[in-house]
Amino acid sequence: MNIIICDDRIDDRKNLSDLLSDYGEKKNYEFAITEYESGEQLCEDQSALEACQLLFLDINMQGMDGLKTAMRIKEKYPKLPVVLVTAYMNYALDGYKVKASRFLLKDNLADTIEECMDDLIAEINKNRRILEFRFVEGTIKLYADDIIYIETELHKNVFYTEKGTFQIYKKLDELENEFNDMGFVRAHLSFLVNMRYITKISGYVMTLTTGKKIPVPKARYAQVKREYMLYKGEERIKIAVLTEQNQKIVLQIIRTGKKSMSVSEEKCTIIKISFPQSRR
């Protein structure tokens, strides 16, 4: 796995690199770790970003900070998992805004890195699951992550992927069941869409990163939008506040028109946040 660490402090880069190397040895993973000392330096190295599978970004860097760096990188590589690392807990919501996969505090990296990596690798492997289909063009293996959407055309369904288009004689209902736990949504009777490629849903139209616009029927619109918002972890969230309660991490979600409610970290769908226990 190709991992990038971007931090303007050499000691912090070394500490994280050592922790990741120790984790790799323990779990029998091979990591190729590359270090950068600024967001500007990282953004200039497009070949490294194209090959990167996991990015660790320090938030508090001189020049282009980690949040701006994450926003710029996510525009071009929206599927790249980004872990924000900082010494300050109050940046958690900013991490949510740039669609960070995780938020870690530097003071507690040794205690949180293993759980963080276990979760991230499981997610990456799930998204990179290899599927085999008998298309009109022949038997072809695809990553679920590479399928943008599937559209019904006459008596066939057409897979639109990053590798091209492929046709299959299989009902869309059957395909929907096969992709049940892989982040796909039935946008229309004739469309099954990978939510990773959706940029927005508004005015009964779904817009994809490719520029493709897919109509969403009025009867299906609320459910489709709800599924997408749950996928993105944004369901009517107005603000989130981190608190510590009985030495357990709690995320208080204040929803529009409702009283605040507490959700345990395990059930949190917004962003996984790790920080130290209270010091006595």
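The structure holds zero disulfides, a disulfide being a pair of cysteine sulfur atoms within 2.5 Å. This is a predicted model, in which local features need pLDDT of at least 70 and side-chain atom pairs count only at pLDDT 80 or more, while totals for chains, interfaces and linings use all residues. Residues are numbered from 1 along each chain as its sequence is written, and side-chain values use heavy atoms, with hydrogens and water left out.

Next comes helix H1, residues 10–27. Helices (H or I, at least four residues) and strands (E, at least two) are DSSP runs, numbered from the N terminus. Arg 13, Leu 16, Ser 17, Leu 19, Leu 20, Tyr 23 and Gly 24 are the buried residues of H1. Seen down the axis of H1, these buried residues fall within an arc of 160°, so they line one face of the helix. The arc is that of the directions from the helix axis to the C-beta atoms. On the face of H1 turned away from the buried side sit the exposed residues Ile 10, Asp 11, Glu 25 and Lys 26. After H1 comes Asn 28, with a positive phi near 65°.

The largest nonpolar core has 24 residues, and those with the most contacts inside it are Ile 4, Leu 42, Leu 55, Leu 57, Ile 73 and Leu 84. Such a core is a set of buried Ala, Val, Leu, Ile, Met, Phe, Trp, Tyr and Cys residues joined through side-chain atoms within 4.5 Å. Among the elements that give two or more residues to this core are strand S1 (2–6), helix H2 (39–44) and helix H4 (66–76). H4 provides the largest share, three residues. Phe 103 lies in strand S5 and is buried, at 0% relative accessibility. Phe 103 and Phe 56 are 47 residues apart in sequence, and their C-alpha atoms are 9.6 Å apart in space.

Two sheets complete the description. Five strands form an open antiparallel sheet in the order S10-S9-S8-S12-S11, where two strands pair if DSSP finds at least two bridges between them. Strand S10 (164–168) and strand S11 (184–188) stand at the edges with a single partner strand each, so one side of each is left without a neighbour in the sheet. Three bridges join strand S8 (residues 147–153) to strand S12 (residues 191–194), and Ile 150 stands opposite Leu 192 in S12. Another open antiparallel sheet has three strands, in the order S13-S14-S15. Three bridges join strand S14 (residues 205–208) to S15, and Val 205 has Pro 215 in S15 as its bridge partner.

Methods. Expected span 1.5 Å × (residues − 1). Buried < 20%, exposed > 50% of the residue type's maximum accessible area, 1.4 Å probe, protein only.
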